[in-house]
Amino acid sequence: MRCLRKRSTVSFLGVLVIFLLFMNLYIEDSYVLEGDKQLIRETSTHQLNSERYVHTFKDLSNFSGAINVTYRYLAATPLQRKRYLTIGLSSVKRKKGNYLLETIKSIFEQSSYEELKEISVVVHLADFNSSWRDAMVQDITQKFAHHIIAGRLMVIHAPEEYYPILDGLKRNYNDPEDRVKFRSKQNVDYAFLLNFCANTSDYYVMLEDDVRCSKNFLTAIKKVIASLEGTYWVTLEFSKLGYIGKLYHSHDLPRLAHFLLMFYQEMPCDWLLTHFRGLLAQKNVIRFKPSLFQHMGYYSSYKGTENKLKDDDFEEESFDIPDNPPASLYTNMNVFENYEASKAYSSVDEYFWGKRPST
């Protein structure tokens, strides 16, 4: 009787498990179907162009891969070799002022002949106005033809059909619709720029199109990177303003490009960059003084409003950055919290803090 009861119990449990599995599959299928219906409703509401959506987001599952964008080369010669540093600029038509040519000029003039061999400048003309783009390309090629021929300067454009929907987006932070559209497009502009620059150099620095550079900024950057050899970092900051002077390893660019695309409508680019740094486990800001880049534009690219932001830590000639070769440091003093001895030696604006000695 006990054996029979046990068999009956086992059979009942088996049937119950199979029944629950079928129910689970049914519930999951129903959930997926409801999710699909909701997606269709949202798609209809926003009048989403499905072809454009697929072009832009189909690769988001592979964060280490390139985004599928076919760029237009407006002014460029083939890159003969990988450089040390790529400088990325994204520019659109402004209602007032135009600082792009001055920014490019500053990059090249503030670099020595030896430094020029190690940099490449990529300009993304991200405005959909073709007349403006043609005029800018003509000006750039006239003023910087030798840099284009030498492969140091490339001008590109990501066509409008690769952009996600930019109208009817969420109005986070109570921003007006045109402001949301502007900052959301800017995120995509930079995402496509980062995607293009992923394999052009070892490191990448992000600038705006209205920036003045410090003398021999590349040499200063190389000293800082050398002093941090063997330490983990995601972002090094060479300006305290927005996303000016933010330096990355080039191998992180695909992930950063995908990240900006995923959250393009959520918040401004500089906020997303801060979140990206934190998600990759760099807890603290690593910023260097003096700053190597200064904001010089007076009129913003958003509606031509005034923008008087300046970096107080900027110096035109930064010769006092320490030349600290890589070194291993040791102390037998007790360290307070995380203020290790290495912080007193590195170029970071930090210090060593030892606990009071005791008997």
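I began with the contact between two helices: Asn187, Val188, Tyr190, Ala191, Phe192, Leu194, Asn195 and Cys197 of α7 meet Leu253, Leu256, Ala257, Leu260 and Leu261 of α9. By class, I find 11 nonpolar and 2 polar residues in this contact of α7 with α9, and no charged ones. I note here that the model is predicted.

Next I looked up the geometry of the pair. Helix α7 covers residues 177-197 and helix α9 covers residues 253-262; their axes are 8 Å apart and the packing angle is about 160°. Angles over 145 degrees count as roughly antiparallel, and α7 and α9 are therefore roughly antiparallel to each other. The crossing in which α7 passes α9 is left-handed.

I stayed with α9 for one more residue. Proline 254 lies in this helix, α9. Is proline 254 buried or exposed? Its relative accessible area is 12%; the limit for buried is under 20%, so proline 254 is buried. Phenylalanine 192 is one of the α7 residues in the contact with α9.

The crossing of α3 and α5 is right-handed. On the α3 side I list Leu100, Leu101 and Ile104, and these meet Met136, Asp139, Ile140 and Lys143 in α5. The contact of α3 with α5 holds 5 nonpolar and 2 charged residues, with no polar ones.

Then I turned to the nonpolar cores. In soluble globular proteins, nonpolar side chains tend to be buried together. Which residues touch the most other members of the largest nonpolar core? They are Leu85, Ile107, Phe217, Leu236, Leu247 and Phe293, out of 45 residues in that core. The elements giving two or more residues to this core are the strands β2 (83-91), β3 (119-125), β4 (153-157), β5 (201-206) and β6, and the helices α3 (100-109), α5 (130-143) and α8. Helix α8 gives the most to this core, with 6 residues. A second, separate core has 42 residues, among them Ala126, Ile156, Ala191 and Val234. Ala191 is also one of the α7 residues that meet α9.

With neighbours within four places in sequence left aside, isoleucine 107 is in contact with Ile87, Leu89, Ile119, Val121, Leu207, Cys213 and Phe217.

Last, I looked up the backbone in the loops. Asparagine 216 is not a glycine, yet its phi is positive, near 55°. I place asparagine 216 in the loop between β6 (211-213) and α8 (217-227).

Two entries belong to the loop between α10 and β9. Alanine 281 is found there, and its phi is positive at about 70° although it is not a glycine. Is alanine 281 buried or exposed? Its relative accessibility is 61%; exposed means over 50%, so alanine 281 counts as exposed. Proline 290 is placed in the loop between α10 (269-279) and β9 (293-295). The peptide bond from lysine 289 to proline 290 is cis, and I note its omega as near -5°.

Terms used
Residues are numbered from 1 along each chain as its sequence is written. This is a predicted model: local features need pLDDT of at least 70, side-chain atom pairs count only at pLDDT 80 or more; totals for chains, interfaces and linings use all residues. Side-chain values use heavy atoms; hydrogens and water are left out. Axes are lines fitted to C-alpha atoms, for helices over the stretch in contact, and angles run from 0 to 180 degrees between N-to-C directions. Helices (H or I, at least four residues) and strands (E, at least two) are DSSP runs, numbered from the N terminus. Angles under 35 degrees count as roughly parallel, over 145 as roughly antiparallel, 65 to 115 as roughly perpendicular and the rest as oblique. A crossing is left-handed if the near helix is turned anticlockwise from the far one by less than a right angle, and right-handed if clockwise. Contact means heavy atoms within 4.5 Å. Ala, Val, Leu, Ile, Met, Phe, Trp, Tyr, Cys and Pro count as nonpolar, Asp, Glu, Lys and Arg as charged, and the others, Gly among them, as polar. Buried means under 20% relative accessible area, exposed over 50%, partly exposed in between (1.4 Å probe, protein chains only). A nonpolar core is a set of buried Ala, Val, Leu, Ile, Met, Phe, Trp, Tyr and Cys residues joined through side-chain atoms within 4.5 Å.
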